[in-house]
Structures are given as C-alpha cells and as structure tokens.
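I opened the model and kept notes on what I looked up. The entries follow in the order I made them.

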Amino acid sequence: MTSDTPSPSAQPLAEALVSGAVVLDGGMSNQLESAGHDLSDELWSARLLAERPEAITEAHLAYFEAGANVAITSSYQATFEGFAKRGIDRAEAARLLALSVELARDAARQAQKKGVAHPLWVAASVGPYGAMLADGSEYRGRYGLTVEELERFHRPRVEVLAAAAPDVLALETVPDAEEAEALLRAVRGLGVPTWLSYSVAGDRTRAGQPLEEAFALAADVDEVIAVGVNCCAPEDVEGAVATAARVTGKPVVVYPNSGEAWDAEARAWNGRSSFAPEQVRGWRESGARLIGGCCRVGPEAITSIARTLASA
C-alpha cells in the first residue's frame, strides 16, 4: 500500500460537484469514541495514527458503508509541533501525516470489496493553528500571529499531506479570515484541489469577520473547488451557504455539528442535538454540493443524509 495509490473513484471530485451533491462523512472523534477509544489527549484522534491506526481505518469504513462518498482524514490535529510535544521527531511525524491518507485509501478499498458501489474520495484534513494548542482557541481565532507566521506554521504540514496524493485538501474549521489567507497561500502551486471551510457564529467567522469578506478570499483561488462552513450549529448553515455561493460562485461545502456545544475546559459536549438530516434539502437548494456532518454526527445520520440527497 502506497500513498500515491489512485482514488477508487476515477472521476475528479470537482467534476462530480458539477453534476450533483456529494456526501461527506461524519465526526471522526465520536466514531472512535463509540468504538471504545480514549481520546482524552491533546493529540485527540491523531494519537491513534501512532498507536492504533487500524481503528482509524475502521472508522472511515463505517462511514463509507453508511453512504459517505468522502472520508476526511484523521490529520486535523496532527502537526509537527503537536507530535514533537510527545517526543515524535519530524521524520516520524511526516510519516504519520502521510499515513492518515493511506488509511483512508485502505478503507475505501475495503469498502469496495464489501460491495460499496458509490464513488469514494479522500480529503486530507488541515485543521487550524488552534487545534494544535488544544485549548479551545480553534473556536476563537485571533492567536496573536501574523498571516506570514501562520503560513510558516501550516506550509510544511500541507506540503506533506499534498505529497500523499489525497483527492482534495480540506482546510477546515478555520475560525479567522487571516488564518484562511495564510492557508490559501500555503496551498498555492501544490496542484491539489482544495476546499476552505470556516467555523462560524451567525453571519460571521468565529473571530468576528463578516462572512462575505471571509468567503471572498477564496473566490479567485484556482485550487479552491468549494467554500463553506463546518463545526458550527446547524441553524447557522443555511445563511452561510447562500452567502458562500453568492460571493464565490463556487460549490458550497457544509458539515455542521450535531448542535451540542463543546466545553473546552471540561473537554466534553453539552446540550442537545438540533441536527436534522432533512435540513440538507434546503442547503442543497441554496448551493451546497459537499454535505455531511462534523462533531457528534455519526454513521446513522450520514445514511439519512445520503438517502435524502438521493431522493431530492
């Protein structure tokens, strides 16, 4: 098994978005936790890249079998700096980043052997700077770093993930338009399709910038095949989808949380779920083409989304 193994789907993801909606997977962490894995660690699910990689493959496979077309890799919280805190050197960290793509590819092959017939793609997750800090700042932004400093942080990881040949890079849960600018600089020239997805509150980024301005950053970036939101409340989605479509003219990506709220100090979810798979019809009508779920959204919900989109 090598990282440059081609996608099980011969069609590029960007082409698929022209003809219809594509189903994303759900939350990696909740799927791993439901299988009994302890994620109470600063590396979160990335720790299992080193300790239990087969568990990550199993999580991806569960989503493919549930109806997802796209697996988002377990590299969201995987960074050179975060691994270094655990005594993992740069060479091994680079291997683990590439492994995240290989595990998703392996899950796709297993899914096909088990009779999954729908197209399958792999998205390499690139989380925000705050995810490495593991202190909740990924939901606030405004780290006190310049765009140039953020670009220097992100570029090495983005380059390693791009070299592992995913179908798309997922710049996700971005709380701040300045960080989005840094990430977009980091992906330029890599030759890998990319989506940019903000974490939002109402009609603004988590850092407080208007979504019109935040989405506009990606409008003329050739690498970007979709723009949208994730890791947000379901009720914040519809307005954001319409804004992203209007401002960029690109397909929209959307994968909200269940509606529960994350307590960073307690490292626990509170509240009740407000996610309803039937909401996806409205999102699709507003321009969403990549649709799934994020934290606390599991395989059952992804099956419902897939069925809803198939009948739309």
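Buried means under 20% relative accessible area, with a 1.4 Å probe and protein chains only. Among the buried ones I noted Ala-177, Ala-180, Leu-183 and Val-187.

The model is predicted, and local features need pLDDT of at least 70, side-chain atom pairs 80 or more, while totals for chains, interfaces and linings use all residues. Residues are numbered from 1 along each chain as its sequence is written, and side-chain values use heavy atoms, without hydrogens and water.

I checked both ends of helix 9. At its start, a side-chain oxygen of Asp-176 comes to within 2.9 Å of the backbone nitrogen of Glu-178. Just after the helix, Gly-189 has a positive phi of about 85 degrees.

Next I looked up the nonpolar cores (sets of buried Ala, Val, Leu, Ile, Met, Phe, Trp, Tyr and Cys residues joined through side-chain atoms within 4.5 Å). The largest has 77 residues, and Leu-169 and Tyr-198 touch the most other members. Helix 6, residues 90–113, gives the most to this core, with 11 residues. A second, separate core of 21 residues includes Leu-17 and Val-253.

Last, I listed the contacts of Tyr-198 (heavy atoms within 4.5 Å), leaving out residues up to four places away in sequence. Tyr-198 touches Asp-176, Ala-177 and Ala-180, among others. Of these, Ala-177 and Ala-180 are buried residues of helix 9.

Note on methods: Buried means under 20% relative accessible area, exposed over 50%, partly exposed in between (1.4 Å probe, protein chains only). Helices (H or I, at least four residues) and strands (E, at least two) are DSSP runs, numbered from the N terminus. A polar contact is a pair of N or O atoms within 3.5 Å; within protein, one must be able to donate a hydrogen and the other to accept it, and residues adjacent in sequence count only if both atoms are side-chain atoms.
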